[in-house]
Amino acid sequence: MKKMTTRTTVLMQKQPLKQKQFLVSGSAPAELLSVCRYCSSEAVPVIQVSRGTLIVTNSVCVNGHLSIWKSQSSYNSLPWSNLMTATAIMLSGCNATSVLRMFDHLSVQMFSMRTYNRLQSLYVSPAATMAWDAEQSSLLDQLRGTDVILGGDARCDSPGYSAKYGSYTLMDLQTKKILDFQLIQSNEVKGSTHMELEGLKRALGFLKDYVNIKEVVTDRHSSIKKYMRISQGDKKHLFDVWHVSKGVLKKLEAASKKSGGKDIRPWIKSIVNHIYWISSSCGMDGSVLYKRMKAVVESKFLLTDVPKLSPVYQTYALEVFHSVVNNFAPKSTHFFYSSMLARLCVAALYYNENCNRDRAFTKDGVQCFSLVYPKAKKGKEAVVKSRPSPATYDYVLLIKQAVVSRREHDCSSYSNAAGDVEILQNHFPVSLTQTFEPFQKADLIARHRSRFQR
Ligand SMILES: [Zn+2]
């Protein structure tokens, strides 16, 4: 009997965040609505309004009784499920075009892409950004005045030099929490290659007011090295071992591909391992090994950097974060600045909530492992890895609450919300297309036709 009561409560619940949603076929409400609720005679329901996920039906019976039924509640004429669907699309990192197509394939009534973009820019993105701001403030309050070792790394939204956005992330390497990230659009700097340095500058500039930055571990880009030496000389600048060894690996592989170079091949693995060993066994003071290294790899740049290999803290966790970002903002999808920023915020919230997960155990206390085939072994070897406990999504509820409260209180109409967003976006960079030459589509079509009809 208890189970029945729970079910009844769920259906009666009216708060948008606590409501359960069901996929209901059109004929099911039609069956309910074909009996007049006043006189029980036959009635004919017709859909009067269909707005995204909402339908409103009118049924008139033979005795002229009219009843109106709504499939969900709205706030100031915006159906809650429209807003919550748009929220869920962004929070799950999905591509809206694919999701809308999926609903179309499923014949589920859904809003258009235009409505999605509007809901996203007016409600979802601002709520996600504010949720990250709140998380960041509380993190920095806890760390205020303490010494920190930061790891920094950049992510570009496309490989090579044509990236539209670059983001730079600074992580507290002791707690693995992301403390700050900066999103840079390519037109804010001289070119996309300058985005990394600009991101680092902004992030360090922001964090210096909260924490004492003792060390910064990054890759070995020459502009970063120069900037850290000249402008951030009070901080120890160290290099991430993986980045250094990856650079060496690439150079050695290139050398081994030249004619007569194949004898280098067998050495590559041990040289790369050696770099790891140098960093962990002697860190800053590797003078003997330094000479041995010189015998193997004659590179001036590398040799000056070996003493600066970071002995303890590496930036591997930042690579993990970047793969999380790829889940929330796939490189193959184009995003406007505000939604790219919001998706980065969601990725950072997910990462900070889940970066220090415990190992998973069964109900009986047995540790859970996953079987993994290392890629390099091509299926010839397998290992087990301890499985982390399932991810949690507390931040999702926080953002959903922020979305609902934004609609209910501060921005209860599209025009209110648009005014608010305009203020928020005042400090966003000018969109790339605004700086492009204006072309008339009709002219281009005419030119295309004249060229191909000849
Ligand atoms: Zn009736």
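Helices H5 and H13 are oblique to each other in this predicted model, because their axes cross at roughly 40°. H5 covers residues 113-143, and H13 covers residues 337-354. Their axes come within 8 Å. The crossing of the two helices is left-handed. On the H5 side, the contact is formed by Gln120, Ser121, Val124, Ser125, Ala128, Thr129, Ala131, Trp132 and Glu135. On the H13 side, these residues meet Ser338, Ser339, Leu341, Ala342, Cys345, Val346, Ala348, Leu349 and Asn352. By class, the residues of the contact between H5 and H13 are ten nonpolar, seven polar and one charged.

H5 also packs against helix H3, residues 80-91. Here the angle is about 70°, and the axes lie 9 Å apart. H3 is therefore roughly perpendicular to H5. The crossing of H3 with H5 is right-handed. H3 contributes Asn82, Leu83, Ala86, Thr87, Ile89 and Met90. H5 contributes Thr115, Tyr116, Leu119, Gln120, Tyr123, Val124 and Ala128. The contact of H3 with H5 holds nine nonpolar and four polar residues, and no charged ones.

Ala347 gives a view from within helix H13. This residue has 25 other C-beta atoms within 10 Å, so Ala347 is buried. Residues up to four places away in sequence aside, Ala347 touches Val324, Val325 and Phe328. Ala347 and Leu91 are 256 residues apart along the chain. Their C-alpha atoms are separated by 8.9 Å.

The residues touched by Ala347 include Val324, and helix H12 spans residues 316-328. Phe321 is found in this helix. Phe321 is buried, because 25 other C-beta atoms lie within 10 Å, where 20 or more are required. Beyond its neighbours within four places in sequence, Phe321 is in contact with Thr169, Ile178 and Tyr351. Phe321 and Ile68 are 253 residues apart in sequence. In space, the C-alpha atoms of Phe321 and Ile68 are 50 Å apart.

The next element is a sheet. Five strands form an open sheet in the order S8-S7-S6-S9-S10. The pairing within this sheet is mixed. Strand S8 (177-185) and strand S10 (236-239) are the edge strands, and each pairs on one side only. From one strand to the next, the twist averages 25°.

Two of the pairings can be followed in more detail. Strand S6, residues 147-156, runs parallel to strand S9, residues 212-218. Five bridges join S6 to S9. Within this pairing, Val148 has Ile213 of S9 as its bridge partner. S9 also pairs with S10, again in the parallel sense, over four bridges. There, Val217 has Leu238 of S10 as its bridge partner.

Helix H6, residues 195-207, lies across the sheet strands S6, S7, S8 and S9. S7 spans residues 165-172. H6 runs at about 135° to S8.

Ser77 is found in the loop between strand S4 (74-75) and strand S5 (78-79). Ser77 has 9 C-beta neighbours inside 10 Å and so counts as exposed. Lys378 likewise has a positive phi, near 50°, and is a residue other than glycine. Lys378 lies in the loop between strand S11 (369-372) and strand S12 (383-386). Because Lys378 has 8 other C-beta atoms within 10 Å, and 12 or fewer is the limit, this residue is exposed. Ser77 and Lys378 are thus exposed, whereas Phe321 and Ala347 are buried.

Conventions: Residues are numbered from 1 along each chain as its sequence is written. This is a predicted model: local features need pLDDT of at least 70, side-chain atom pairs count only at pLDDT 80 or more; totals for chains, interfaces and linings use all residues. Axes are lines fitted to C-alpha atoms, for helices over the stretch in contact, and angles run from 0 to 180 degrees between N-to-C directions. Angles under 35 degrees count as roughly parallel, over 145 as roughly antiparallel, 65 to 115 as roughly perpendicular and the rest as oblique. A crossing is left-handed if the near helix is turned anticlockwise from the far one by less than a right angle, and right-handed if clockwise. Two residues are in contact if their C-beta atoms, placed from the backbone, lie within 7 Å. Ala, Val, Leu, Ile, Met, Phe, Trp, Tyr, Cys and Pro count as nonpolar, Asp, Glu, Lys and Arg as charged, and the others, Gly among them, as polar. Two strands pair if DSSP finds at least two bridges between them.
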